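Here is a protein model to explore together. Keep the picture open as you read, and try to find each part as it comes up.

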Amino acid sequence: MGQVITLKVNGVLREVEVEPYELLADVLRDKLGYKGVKKGCWRGECGLCTIIMNGEAVKSCIILAVEADGAEIETVEGLARNGRLSPVQDAYVKNAGLQCGFCTPGFIMASEYIVRRNANREITPGEVRSALSGTICRCTGYKQIIDSVLEAHRRIKIVR
Ligand code: FES
Ligand code: FES
């Protein structure tokens, strides 16, 4: 039997009826229309469904929607402000950190988390590589992705 849950997605309260077995990734993408939540493996391996939930980067395909009741969620759709890309998004564009783009929302959200979490300290390419190891890209070189995260991190540090 369905249950109504409430999610705060990108600052907007959303109510949605879900079944006990429904995955958060499916609900966000297919019921609420956040198409930036991609799905590749449905078992926590590819990272394409990464979102930020209650301040932590998580893979939304391994979370039941009912478990997320009351959560604050950020998806890639919520990052741009007043028509301007976020520093992470902009750095991906400038460094050609994407090719087909299918994995990009997941990488952007994982990168956003890395940049925020390390805003007050230096990070090395190795740390970025390790932090992104749960996200898979089949066509861009990972170097451009890592360069994008490092550039966004440098910019955020300067702004602060
Ligand atoms: S679809 Fe969630 S990790 Fe692959
Ligand atoms: S840019 Fe194509 S899979 Fe990553």
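How far apart do the C-alpha centres of domain 1 and domain 2 lie? They lie 21 Å apart. The chain is divided into domain 1 (3-77) and domain 2 (87-159), with bounds that come from an automatic or database domain assignment.

Before going on, a word on how to read this: the model is predicted, so local features need pLDDT of at least 70 and side-chain atom pairs count only at pLDDT 80 or more, while totals for chains, interfaces and linings use all residues. Residues are numbered from 1 along each chain as its sequence is written, and chains are lettered from A and ligands numbered from 1 in the order in which they are written.

**The sheet**

Let us begin with the strands. Helices (H or I, at least four residues) and strands (E, at least two) are DSSP runs, numbered from the N terminus. Two strands pair if DSSP finds at least two bridges between them. In general, strands of a sheet pair through backbone hydrogen bonds, either parallel or antiparallel.

Here, 5 strands make an open sheet with mixed pairing, in the order β2-β1-β5-β3-β4. β2 and β4 are the edge strands, each pairing on one side only. From one strand to the next, the twist averages 40°; for such angles, axes are lines fitted to C-alpha atoms (for helices over the stretch in contact), and angles run from 0 to 180 degrees between N-to-C directions.

| Strand pair | Bridges | Example of partners |
|---|---|---|
| β1 and β2 | 7 bridges | L7 and R14 |
| β3 and β4 | 4 bridges | I52 and A57 |
| β3 and β5 | 2 bridges | I52 and E74 |

Notice I52, which has a bridge partner in β4, namely A57, and another in β5, namely E74. β3 and β4 also form a hairpin with 2 residues between them, and N54 in that turn has a positive phi of about 50°.

Which way do the residues of β3 point? T50 and I52 point one way, I51 and M53 the other, and all are buried.

Helix α1 (residues 24-31) is largely enclosed by the rest of the structure, because 6 of its 8 residues are buried. These are L24, A25, D26, V27, L28 and R29, and they pack against β2 (12-18). After α1 comes G33, whose phi is positive, near 85°.

In α2, the buried residues are P87, V88, Q89, A91 and Y92. Just after α2, A96 also has a positive phi, of about 55°.

Helix α3 packs on the sheet, where it touches β3 and β4, and its direction makes about 35° with that of β3. One of its residues is E112, as α3 covers residues 104-117. Is E112 buried or exposed? E112 counts as buried because it has 23 C-beta neighbours inside 10 Å. Apart from neighbours within four places in sequence, E112 is in contact (C-beta atoms, placed from the backbone, within 7 Å) with I52, L79 and V88. E112 and A57 are 55 residues apart in sequence, yet 8.7 Å apart in space, C-alpha to C-alpha.

**Where the domains meet**

Contacts link 11 residues of domain 1 with 12 residues of domain 2. On the domain 1 side, the largest share, 3 residues, comes from β3. That side has 7 nonpolar, 3 polar and 1 charged residues. For these classes, Ala, Val, Leu, Ile, Met, Phe, Trp, Tyr, Cys and Pro count as nonpolar, Asp, Glu, Lys and Arg as charged, and the others, Gly among them, as polar.

**The core**

In soluble globular proteins, nonpolar side chains tend to be buried together. A nonpolar core is a set of buried Ala, Val, Leu, Ile, Met, Phe, Trp, Tyr and Cys residues joined through C-beta atoms within 7 Å.

The largest one here has 45 residues, of which M109 and V149 touch the most other members. Among the elements that each supply at least two residues are β1, β3, α2 and α5. The most comes from α3, with 7 residues. Both domains take part, as this core draws at least three residues from each of domain 1 and domain 2. Leaving out residues up to four places away in sequence, M109 touches T50, I51, I52, A57 and V76.

Definitions and conventions: Buried ≥ 20, exposed ≤ 12 C-beta atoms within 10 Å, placed from the backbone. Contact = placed C-beta atoms within 7 Å.
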